[in-house]
Amino acid sequence: MALKQELPTDVVNTPIRKRVTDLDHAGGDTGAMQVFASLKDGNVVLDGPVGCHVMPAVAVINYTDSVPYLQNVTCSELSENEVTIAGTLPVLKEKVARANVPGRQVFIVSTPVSELIGAAWTTTDEDVKGSPLFFNAQSLDDDEWMARDRSLLFLWQNRDHFVRPESAGPVPACARPSVNIVGPTYGCFNSYSDLAEIKRIVAGIGADINVVYPFEASSYDTSRLSDARATIVMYQEFGKSLAREVGLPTFYAPFGLEDTTTFVTDLGAALGLEAEAAAFVASEKKTTLAAWHDIWRSTHSDFFANSPIAIVAPPSYKDGLERYLGDELGLPISYSAYRTGPQSAPSEDVRAALCDASPSPMLIFGSINERMIIAQEKLPSRFYQASFPGAVVRRATGTPYVGYAGAVWLLQIVCEILFDTLFANLPTSYAPPQKALKPTAEIMRDGQDAAADGGKGQNSVIAWTDDAKALSEKTVKRVPFFVRVSVTKKLRAEAEKLARERGGPVDVAIVEEITAAYRPR
Amino acid sequence: MSKQASSMCPAFGAIRNLLRMEDAMPIVISSGDGCMYGHTFVAHFYVANRPIFSPGVSSQMWAKGSVFDELKAMVIEMAEKHQPSLIPICSLCVSDTVGLPFELLPKQIGNTEIVYVPLPAYSVHTHAKAKDIVVDSLVWRLPSQRKARAGVNLIGEVFPSDPIKIDEVLRRIGSHVNTHVPGPRWADYVAMVDGSLNAPLHPFYSESVKRMKMKQGLPFVEGAPVGISGTYSWIKSVGEALKLNPAVVEAVASEERDKVEAAIADYPLNGLTFMVAGYEGHEFLLVRLLIEAGAKVPYLSTSVNTNPLAREEEAWLRERGCTVLYGANFDNEIGALEDHPYDCVIGTTPLCAHAKELGIPSIYYTNAMATRSLMFAEGASDVLSLVMSTYRSKARYDKIARFFSDDGVPKRTYTSWAPTIDITEHLLANAAVAPHEAAVPIAATER
């Protein structure tokens with residue numbers, strides 16, 4: 001795993017297909033807005049109709065970031081008049097003038113409609129520092145990640161444009177070797193916890209944070225990015241272009257024990273803090289990772305090899321979870337797919353793959369799209385969210401997927417879901433025990449003629465037709481291995497009970513009746 | 001200050017109703033990934049566990065005209081493979097601006113109807129308007145001739161048990177509910193031509209009922225059976241429109257009115273001041289109920305635009321000291337928090353966020369009200385008990401507001417470039433933000 005000074009690769013758009021179902025990424029205008037609005041002094045004016053503002057900055061943001069609405073975002077409120085006759089400039093100018101207050105840097109972001117009608121921002125004051133900047137989001141073509149990457153690069157290219165107000169005080173200087181953290185922005189899954197964990201690690205090896213960009217920065221902090229000794233890019237989906245231009249050694253947020261140890265060691269080396277990094281790893285083993293070690297040494301881990309999972313997520317999480325849960329913990333990966341970038345799998349492929357997977361994954365990490373597939377296809381898999389879209393609250397900072405704390409948290413999740421699956425398949429039911437209908441003596445008396453019945457009486461074994469057996473085997477194979485014994489017992493008991501009541505063998509109809517919830521397609 | 005009403009993408013009002021139809025397969029022609037992502041996100045949260053289809057769109061595809069070819073292929077394939085009753089084609093901003101030749105799509109394939117639903121959000125403006133467009137587009141497809149007609153068509157999303165209650169009351173005066181839209185099946189819309197009266201229960205279905213009057217000759221009555229006087233006058237209007245026995249109608253209307261009055265008496269809101277803001281379009285009905293229960297509602301804002309169907313309702317509210325603001329947006333609403341010392345806010349997400357910041361008990365209109373019945377006595381009790389319990393948690397809101405303020409006096413953080421107002425002093429003066437002791441629930445509520 002060559003993490004050290006890895007050459008940032010280019011960010012590549014998710015291909016636009018001829019048909020789209022259940023999209024898993026937003027477009028360029030959303031991505032750009034999420035970058036600029038993250039800046040403490042950023043005011044964003046979207047050049048579009050109200051929907052292009054309220055949908056991402058009020059409705060969706062409430063379920064991705066649990067923010068009631070983004071107060072520093074507005075739009076030009078295009079109406080028919082602007083779209084068909086007047087063009088967007090007059091209304092846009094008015095909105096920009098309102099947004100352009102002292103101490104705020106205005107960013108104008110195009111939307112699909114404004115791009116379609118060829119609207120752009122023209123102004124005579126573009127050389128004036130602090131004047132509004134126009135960003136072409138290329139929303140008709142670019143996805144949110146590409147737009148985030150381009151927006152961050154755009155900020156760097158305009159770093160001399162931004163004005164540091166006097167009220168901001170002197171430029172802070174870091175006493176110790178310092179690092180930049182690039183990403184997250186608004187709308188990045190689980191980023192609050194991931195960021196907290198990376199900051200904890202940086203502090204743990206005795207380094208300072210130079211700038212958390214853009215999430216904890218102002219526009220005028222952009223030029224300070226070059227003051228650090230290294231850059232950590234949180235997610236490989238965006239920020240690489242900025243990191244490359246800033247030109248410092250670049251690292252990506254790590255997943256799992258091995259990755260994290262390499263990350264800490266290499267980061268320490270880049271900052272001249274080798275000894276501190278080694279000491280941090282040593283102390284983590286006794287603190288944060290003590291829990292990991294205990295779980296690992298428990299029987300919990302015995303089930304890992306037979307608990308297949310599937311991962312459908314953008315590249316950072318998909319690769320990271322696969323490396324950690326697959327390679328390191330040894331959970332079989334029955335299916336994994338990217339949901340962003342050139343290799344992204346369309347929804348129909350994911351659906352087909354998850355339905356065909358045998359055994360069905362015990363657990364599927366994904367977005368609401370996968371959750372819907374589980375429900376619609378009646379898969380026996382459990383779901384855990386690892387990606388947007390899908391409404392979720394992830395503001396407590398104790399649920400990281402990255403770093404040592406992330407390794408512990410993910411291990412805990414997997415074990416809990418394992419237990420939950422077990423519980424759901426427990427063979428005894430909550431119903432009270434069946435009533436004894438006859439005294440033992442009577443049972444024995446009735447059984448006297450069992451031998452003479454030729455296998456047709458109450459003691460007989462119920463026969464299964466060949467079809468029924470085949471279907472039952474097929475069904476049971478789709479059940480996670482972990483609970484296959486319980487399910488087989490349950491299926492047999494229920495099927496034979498029905499057959500006995502109906503006075504025939506167990507046939508396909510009976511098996512189908514019982515296994516409706518597990519029926520293969 | 002915004003000029004237009006603030007609303008989640010207006011087109012979503014239409015998409016949600018179409019996605020809830022069991023025998024429809026809507027195609028949403030997205031304006032780009034951002035647009036599609038937003039609609040998918042909220043649809044899968046609020047509406048339905050089902051896929052949303054769109055042809056792919058990119059600048060190149062628009063330029064080449066391949067979007068329409070793909071759309072047409074999709075329509076034919078979906079109709080042949082799934083044979084739904086209806087394939088609504090929702091055309092959003094970009095496709096409607098580009099102007100796809102929708103008239104070249106087949107109108108029927110087998111039993112499947114293909115209906116174009118124009119939803120350019122920049123001219124639709126509100127959720128409510130988009131819902132009107134859906135009903136209108138679907139019903140406009142139906143032929144105009146029908147001889148025998150009976151019963152009342154209910155138009156507007158209501159609580160699931162409302163149509164049953166309405167039907168029960170209508171049967172007592174000699175009529176019944178014929179159909180209810182937006183409904184889950186195409187047949188619910190088709191049935192509208194069998195009715196003899198349209199009853200838009202929300203005022204924003206103005207275009208649908210106007211055009212149905214024109215094409216189908218169907219009359220309509222305004223309002224809904226909500227509140228004391230509202231319940232009485234709605235039953236009376238239906239009776240008159242259908243020329244039913246006046247004595248029977250009067251008796252039933254009075255009886256229902258008395259039941260509502262008795263229900264409301266259980267929840268006296270005397271002395272409390274409410275602010276109501278929403279984008280659903282049935283805000284009027286809630287305010288009527290609050291006022292009848294004794295509350296002051298000096299401010300009502302709705303994202304719906306002025307509307308002939310709401311005129312009577314609006315006059316009723318104005319007479320009782322309520323300022324009605326149409327086409328309202330977040331800035332208007334948040335600014336208006338300053339005008340009165342509010343005890344409780346039922347509003348949009350941003351408005352509630354600011355009200356909570358000041359320690360004012362608040363609930364989100366859409367989530368709280370769309371899940372409840374407002375009609376007749378049961379509806380009145382249901383809604384008023386929710387409002388009452390919200391108000392009574394004042395102490396909790398107050399405590400949290402103080403915790404998050406620097407000096408124990410809640411202040412608003414609404415300081416973006418929109419009007420920067422510090423209304424704390426004003427609110428303190430008006431006692432909307434109580435001094436340090438916890439708020440005491442009004443005595444009347446201690447039953």
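Reader: What share of the 447 residues of chain B counts as buried?

Author: That would be 53%. Keep in mind that this is a predicted model. To count, a residue needs 20 or more other C-beta atoms within 10 Å of its own.

Reader: What makes Leu309(B) buried?

Author: The cut-off is 20 or more other C-beta atoms within 10 Å. Leu309(B) has 21, so it is called buried. As for where it sits, Leu309(B) is in the loop that links strand 10 (296–302) to helix 14 (311–319) of chain B.

Reader: Which residues does Leu309(B) touch, leaving out those up to four places away in sequence?

Author: Pro200(B), Pro203(B), Ser206(B) and Glu222(B). A touch here is a contact, with C-beta atoms within 7 Å. Ala11(B) is 298 residues from Leu309(B) along the chain, and their C-alpha atoms are 22 Å apart.

Reader: Why are strand 6 and strand 7 of chain B called a pair?

Author: Pairing takes at least two bridges between the strands. Strand 6 (residues 152–155) and strand 7 of chain B have four, so they qualify, and they run in the parallel sense. Within this pair, Ile155(B) is opposite Val181(B) of strand 7.

Reader: In what order do the three strands of that open sheet in chain B come?

Author: The order is 7-6-8, with parallel pairing.

Reader: And what makes strand 7 and strand 8 of chain B edge strands?

Author: Strand 7 (177–181) and strand 8 (197–200) of chain B each pair on one side only. From one strand to the next, the twist averages 20 degrees.

Reader: Which helix packs on the sheet?

Author: Helix 8 (residues 162–172) of chain B does, touching strand 6 and strand 7 of chain B. The direction of helix 8 makes about 155 degrees with that of strand 7 of chain B.

Reader: How do you know that strand 1 of chain A pairs with strand 2 of chain B?

Author: Again, at least two bridges are needed. Three bridges join strand 1 of chain A to strand 2 (residues 53–55) of chain B, so the two strands count as paired, and they run antiparallel. Arg19(A) stands opposite Pro55(B) there.

Reader: How many residues does each chain bring to the contact?

Author: Chain A brings 53 residues and chain B brings 45. Helix 2 of chain A gives the most to the side of chain A that touches chain B, with 10 residues. By class, that side of chain A has 29 nonpolar, 13 polar and 11 charged residues.

Note on methods: Residues are numbered from 1 along each chain as its sequence is written. Chains are lettered from A and ligands numbered from 1 in the order in which they are written. This is a predicted model: local features need pLDDT of at least 70, side-chain atom pairs count only at pLDDT 80 or more; totals for chains, interfaces and linings use all residues. Two residues are in contact if their C-beta atoms, placed from the backbone, lie within 7 Å. Ala, Val, Leu, Ile, Met, Phe, Trp, Tyr, Cys and Pro count as nonpolar, Asp, Glu, Lys and Arg as charged, and the others, Gly among them, as polar. A residue is buried if 20 or more other C-beta atoms lie within 10 Å of its own, exposed if 12 or fewer, and partly exposed in between; C-beta atoms are placed from the backbone. Axes are lines fitted to C-alpha atoms, for helices over the stretch in contact, and angles run from 0 to 180 degrees between N-to-C directions.
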